[in-house]
Amino acid sequence: KRKGKVNTIIEGYNGANEDFKKLTKHLQKACGVGGSHKKETIIIQGGYRQKIMEILVQLGFKVKRVGG
């Protein structure tokens, strides 16, 4: 939680910075919410863990769920 609100955090991306920005925008549109990216972390507002994992797998990423 960030300031009392639930967020979905994606870490461990190691690609081009421009692709990182595109991925952030794609996830925001797919979930219909806001978000941001800093260094190697994408923060999506709200609890969209399962949906984001499915999207990343479809895009060819290897995903690992961490935490509750």
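Tutor: Helices (H or I, at least four residues) and strands (E, at least two) are DSSP runs, numbered from the N terminus. Thr41 lies in strand E3, residues 41-45. The model is predicted, with pLDDT of at least 70 needed for local features and 80 or more for side-chain atom pairs, while totals for chains, interfaces and linings use all residues. Residues are numbered from 1 along each chain as its sequence is written, and side-chain values use heavy atoms, without hydrogens or water.

Student: Why is Thr41 called buried?

Tutor: Buried means under 20% relative accessible area, exposed means over 50%, and partly exposed is in between (1.4 Å probe, protein chains only). Thr41 has a relative accessible area of 18%, so it counts as buried.

Student: What is Thr41 in contact with, leaving aside its neighbours within four places in sequence?

Tutor: Contact means heavy atoms within 4.5 Å. With those neighbours left aside, Thr41 contacts Ile9, Ile10, Glu11, Phe20 and Ser36.

Student: How do you know that Thr8 is buried?

Tutor: The relative accessible area of Thr8 is 7%, and Thr8 is therefore buried. Thr8 belongs to strand E1, residues 7-11. Beyond four places in sequence, its contacts are Ile42, Ile43, Ile44, Gly46, Gly47, Tyr48, Arg49 and Ile52.

Student: Why is Gln45 called partly exposed?

Tutor: Gln45 has 46% relative accessibility, so it counts as partly exposed. Gln45 is in strand E3.

Student: What makes Gly34 partly exposed?

Tutor: Gly34 is partly exposed because its relative accessible area is 27%. Gly34 sits in the loop between H1 and E2. Gly34 and Gln45 are 11 residues apart in sequence, and their C-alpha atoms are 5.7 Å apart. Gln45 is one of the contacts of Gly34 beyond four places in sequence, along with Gln28, Ile43 and Ile44.

Student: How do you know that Val6 and His37 are partly exposed?

Tutor: Val6 has 46% relative accessibility and therefore counts as partly exposed. His37 has a relative accessible area of 33%, so His37 is partly exposed too. Val6 lies in the segment before E1, whereas His37 is in strand E2. Not counting residues up to four places away in sequence, His37 touches Phe20, Lys21, Thr24 and Ile42. The C-alpha atoms of His37 and Lys3 are separated by 17 Å.

Student: Why are H1 and H2 called oblique to each other?

Tutor: Angles under 35 degrees count as roughly parallel, over 145 as roughly antiparallel, 65 to 115 as roughly perpendicular and the rest as oblique. The axes of H1 (residues 17-31) and H2 (residues 49-58) cross at roughly 130° and come within 11 Å. H1 and H2 are therefore oblique. The contact is made by Leu23, His26, Leu27, Ala30 and Cys31 of H1 and Lys51, Ile52, Ile55 and Leu56 of H2.

Student: What classes of residue make up the contact of H1 with H2?

Tutor: Ala, Val, Leu, Ile, Met, Phe, Trp, Tyr, Cys and Pro count as nonpolar, Asp, Glu, Lys and Arg as charged, and the others, Gly among them, as polar. By class, the contact has seven nonpolar, one polar and one charged residues.

Notes: Axes fitted to C-alpha atoms, helices over the stretch in contact; angles between N-to-C directions.
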